[in-house]
Each structure stands twice: as C-alpha cells, then as structure tokens.
Amino acid sequence: MRKYLFVISDIHGEYELFKSLLNHVDENLHQLVLIGDLLDRGKKSKECLFLGSELVKNKRAVYLRGNHEQLFLDFLKDPEKRYPNYLLNGGGETIESLLHEGALEEYSPTEISMMIQTRYKKLLIFLESLPYYFEWRDYVCVHAGVNLLLKDWQDTSERDCLWIREPFHRLPNKTNKKIVFGHTPTSYLYKDNSQTSLWLFDDKIGIDGGGVYGGSIHGVIFSDKKIIQDIEYFNSQKWEPKF
C-alpha cells in the first residue's frame with residue numbers, strides 16, 4: 001500500500017486541467033484515485049477517457065464509475081430513448097469527441113451508438129468494469145456518496161454510489177470512515193456560487209469544485225490521518241449547453 005492517497009475530482013472533459021493535476025502525482029508515493037465523471041460537457045472527453053484508462057493499466061490508478069460514465073453506457077445500450085437526456089447532460093460533446101464535429105447532425109442516435117461501439121470496443125469493456133467505490137485505510141472514495149441509513153455502508157446500492165445527494169450530505173456519518181466524494185459541486189454544498197473550495201463536514205470531504213462550470217478541479221493528497229495538500233486549478237471557461 002502506498003504512503004499517500006491522491007484523489008482527483010470530476011474532470012468532465014477538461015483535459016489540460018487533468019494533465020496539470022497529474023504533474024503532481026508521484027506513482028511511488030501516491031495511490032491515485034479518479035473520482036469519476038471524466039467525460040461529458042468538456043470538449044476533450046475522448047482524451048480524458050483514454051488517459052484514465054492508461055493510468056489504470058500502466059500506473060495502478062483506480063478509476064471510479066461516475067454517473068456520467070453510466071449515462072454514456074446507458075445511452076449506447078438504448079440510444080433512441082436515452083439520447084435527449086444524454087444531450088441534456090453534456091453528452092453531445094462526448095459524442096463529437098469520439099466521432100467528429102457535426103456527428104449529431106449527420107447521424108441518428110442508433111447510428112451514433114453503433115459507430116462508437118464498433119470503434120471503441122476495448123474502451124467500453126474497460127468502462128463497464130469500473131468499480132463503484134475504493135477503500136484506502138480509513139478512507140472511502142466514491143463518486144456521489146453512500147447510504148448513511150444502512151447498518152453497513154457497503155450495502156449502498158450502485159445507483160446511490162453514482163447519484164445520491166442530499167440524504168448523504170445531511171445525515172450523520174457513523175461509518176467510522178472518512179468519505180471522499182465528488183458529483184455535487186461544493187458551491188451547492190456551501191450554498192454559495194462563488195465557492196470552489198473543499199467541503200469538509202462530519203468526515204465527509206466533497207472535492208468537486210465545479211471545474212466545467214468555470215470553477216475548479218482538485219487533486220487532494222491524504223495521509224492516513226489528514227489532508228496533506230489540496231492542489232486546485234481554476235477553469236477560465238464555463239460550459240454552456242450547445243446541443
């Protein structure tokens with residue numbers, strides 16, 4: 001087990017910011033964890049997905065499944081039904097990143113799904129294998145959170161690991177674990193649109209700075225007892241729905 005834990009927040013296709021954070025990772029010292037949502041909204045979703053895959057295969061990183069990885073996989077399996085919702089959540093940028101600009105106008109949802117499944121078989125097998133959480137010493141890393149009403153947090157449903165918000169944020173944490181999560185921008189947790197800093201409450205650590213919305217992405221380094229360093233990069237761009 002490596003000496004420190006290094007957790008990277010939701011990236012959403014912001015490839016350059018992703019690479020900036022990775023410059024701080026020492027693979028001999030840090031267990032790298034990607035909290036999920038590497039794709040959608042940002043224009044370089046393809047590059048982020050392939051980099052995440054490479055880090056797992058070559059650097060022993062852990063890439064957790066986020067709700068946007070799930071949205072993407074669900075769209076591919078049922079394209080006609082899922083297409084409008086996927087576009088609403090920024091999937092158009094991922095589709096054009098994987099295919100080409102203008103693909104949404106050129107092809108039907110079913111054709112888009114078939115082309116992606118044909119061209120990216122290995123990537124899709126990899127995404128289907130992503131875990132829902134990762135334990136490191138007294139820490140649990142999970143994309144959205146866990147169900148704190150359960151006797152054993154490990155019984156949390158897959159859906160809650162990807163999507164849970166308010167019940168997890170406000171209920172007391174009796175798990176004896178420090179829970180590191182993304183999914184919900186910390187501006188929402190602070191009820192302050194200008195906030196991008198980490199949200200720390202009751203051994204819950206929210207790390208999504210809302211980077212794709214003009215906020216920030218975080219790389220947080222933990223020892224077995226505390227946060228050692230928070231590396232924060234700000235985004236000068238703000239995603240606006242295009243499709």
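This is a predicted model: local features need pLDDT of at least 70, side-chain atom pairs count only at pLDDT 80 or more; totals for chains, interfaces and linings use all residues.
Between which strand and which helix is the loop where Arg-41 is found? The loop lies between strand S2 (30-34) and helix H2 (45-59).

## Overall build

The protein chain has eleven helices and ten strands. Its C-alpha atoms fill a box of roughly 55 × 35 × 35 Å, taken along the principal axes. A compact globule of 243 residues would have a radius of gyration near 18 Å, and the protein chain has 17 Å, so the value agrees with a compact globule.

Contacts in the protein chain can be sorted by how far apart the residues are in sequence. Among contacts with a separation of 6 or more, 66% are between residues 24 or more positions apart.

## Surface and charge

Of the 243 residues of the protein chain, 57% count as buried. The accessible surface comes to about 11600 Å², and carbon and sulfur atoms make up 48% of that surface.

The protein chain carries 31 positive and 35 negative charges.

## The annotated domain

An unreviewed UniProt entry places the feature "domain: Calcineurin-like phosphoesterase" at residues 6-194. Over residues 6-194 the chain is 48% helix and 12% strand. The end C-alpha atoms of this stretch are 25 Å apart.

Arg-41 is not a glycine, yet it has a positive phi of about 75 degrees. This residue has a relative accessibility of 11%; buried means under 20%, so Arg-41 counts as buried.

Arg-137 also has a positive phi, of about 50 degrees, although it is not a glycine. Arg-137 sits in the loop between strand S4 (133-136) and strand S5 (139-142). Its relative accessibility is 33%, which falls between the cut-offs of 20% and 50%, and therefore Arg-137 counts as partly exposed.

## A glutamate in a loop

Is Glu-101 buried or exposed? With a relative accessibility of 68%, which is over 50%, Glu-101 counts as exposed. Glu-101 is found in the loop between helix H5 (91-98) and helix H6 (103-106).

How many residues apart in sequence are Glu-101 and Lys-43? They are 58 residues apart in sequence, and in space they are 10 Å apart, C-alpha to C-alpha.

How values were computed
Residues are numbered from 1 along each chain as its sequence is written. Side-chain values use heavy atoms; hydrogens and water are left out. Helices (H or I, at least four residues) and strands (E, at least two) are DSSP runs, numbered from the N terminus. The radius of gyration is taken over C-alpha atoms; the globule rule is 2.2 Å times the number of residues to the power 0.38. Buried means under 20% relative accessible area, exposed over 50%, partly exposed in between (1.4 Å probe, protein chains only). Contact means heavy atoms within 4.5 Å. Accessible areas come from the Shrake-Rupley method with a 1.4 Å probe; for residues, only the protein chains shown count as cover. Lys and Arg count as positive and Asp and Glu as negative; His and the chain ends are not counted. The place of a charge is taken as NZ of Lys, CZ of Arg, CG of Asp or CD of Glu. UniProt positions are given in the numbering used here, feature names are shortened, and annotations may be inferred rather than shown by experiment.
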